[in-house]
Amino acid sequence: MKKMASENFGLWLFFIASLQFFLKAQCIIVGITYVQDAGIKGAVCLDGSPPAYHFSDGFGSGIDNWLIQLEGGGWCNNVTTCLQRRDTRLGSSRKMVTELAFSGILSNKKTFNPDFYNWNRIKVRYCDGSSFTGDVEAVDPATNLHFRGARVFRAIIDNLLAKGMKNAKNAILSGCSAGGLSSILHCDNFKSLLPPTTKVKCLSDAGYFINAKDVSGAQHIQDFYSDVVATHGSAKNLPISCTSKMKPEMCFFPQNVVQLIQTPLFLVNAAYDSWQIKNILAPGVADPHGTWHDCKLDIKNCSPIQIQIMQDFRVQFLSALNGIGNSLSRGLFIDSCYAHCQTEMQETWLREDSPMLSKMPIAKAVGDWFFDRALFQKIDCPYPCNPTCHNRIFEAKDILE
């Protein structure tokens, strides 16, 4: 027995060592940079600390190319929820880890990221709770909350321009989740800050949040976004092409903005986006008896009725995409997975078993679109038709409202 236990322990150690080696081969560890002088402009996190990013230098033929990835992390919609964020990594750079692993679209390995591996790759940390749109001058001393997301975005872009992005030949503004929404809302603004000779495009991963009623029939997400815009003073930093036509909070929804964006834009999204299912379709407030609890943890737990409701949500999602048009400058990778954010994880960005549409992984579709090698506008068939999906499985703590 002792010999068998020793052998099993040895195999376990070998497995752990092999896994660590594999992960190290896929990832690069990148240190944090604090934009200390941003405070002069009032560009600070919720708690007043300086904004931050992680920067991996470009090399070789990619030295003049820049990829800016905006971090996600939801939003805070009033003083109470913003106070809950203030002393976490989503509200303070003092609480952020000082090193991050870059993989997927941020990888520096050609095998794992063939089109962007040698670009300057930057992960912008998210600490304002407004998708980088807020700008309120006053600070209540009782809470010390700073609503300055738009200033943070500009300060970081200015800092990167000074570090060489002003000479960029190619540039991408991308992001995941709330960062993916930011990459849509700031797309034309980002292009305007770069030289006219720079080829600029934007990529939104899991940032296409739709205006849909929840399972109780309430407009939960619309009311939530209305509070976000009001709390952060976001109206003046949303695309004026939209706010001139409708209420500012409606311009937080990509479906009301994308058709007005002039800069080329690629959307990567799951039609059954797990965050949207959990927080737009079936938020806790709309499901007081927890009927959706197990379904939100794992789509395989969903009842036939719940699956049908999710199929109806997919129809609404696809309808909300209609406004983007068929322009050659637009790209679409809309799979039928239960997932959220697929460009930063190596397993979903580019691997042998990555999600595919028309036998094309996300990395290849995005690369072909950026370099004008091929148009890619694909929408998957309904769940559960795609065997290449990496459907998310959550723990109970992941869906606490």
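Is Arg89 buried, partly exposed or exposed? Arg89 counts as partly exposed, at 38% relative accessibility. Here buried means under 20% relative accessible area, exposed means over 50%, and partly exposed lies in between (1.4 Å probe, protein chains only).

**The model**

This is a predicted model, in which local features need pLDDT of at least 70, side-chain atom pairs count only at pLDDT 80 or more, and totals for chains, interfaces and linings use all residues. Residues are numbered from 1 along each chain as its sequence is written, and side-chain values use heavy atoms, with hydrogens and water left out.

The pLDDT is the predictor's confidence in each residue, from 0 to 100. The chain averages a pLDDT of 94. At least 70 is reached by 93% of the residues. Over residues 11–23, the pLDDT is below 50. Beyond near neighbours in sequence, that stretch has zero contacts in the model. A contact means heavy atoms within 4.5 Å.

**Salt bridges**

How many salt bridges does the structure hold? The structure holds 15. A salt bridge is a side-chain nitrogen of Lys or Arg within 4 Å of a carboxyl oxygen of Asp or Glu.

| Glu71 | Arg89 | 3.2 Å |

Take Glu71 and Arg89, whose side chains meet in a salt bridge. The pair links distant parts of the chain, 18 residues apart. Glu71 sits in the loop between strand E3 (65–70) and helix H2 (79–86). Arg89 sits in the loop between H2 and strand E4 (99–102). Helices (H or I, at least four residues) and strands (E, at least two) are DSSP runs, numbered from the N terminus.

Glu71 is buried, at 9% relative accessibility. Arg125 is buried too, at 2%.

Salt bridges that share partners join Asp115, Lys364, Asp368 and Arg373 into one network. Asp115 is buried, with a relative accessible area of 16%. Arg373 counts as partly exposed, at 44%.

**Backbone details**

Which residues other than glycine have a positive phi? Ser131 is one of them, with phi near 55°. Asn144 is another, with a phi of about 55°. Ser131 lies in the loop between strand E5 (120–124) and helix H3 (149–162). Asn144 is found in the loop between E5 and H3. Ser131 is buried, with a relative accessible area of 0%. Asn144 is partly exposed, with a relative accessible area of 35%.

One peptide bond also stands for a mention. The bond from Tyr383 to Pro384 is cis, with omega near 10°. Pro384 is placed in the segment after strand E12 (377–379).
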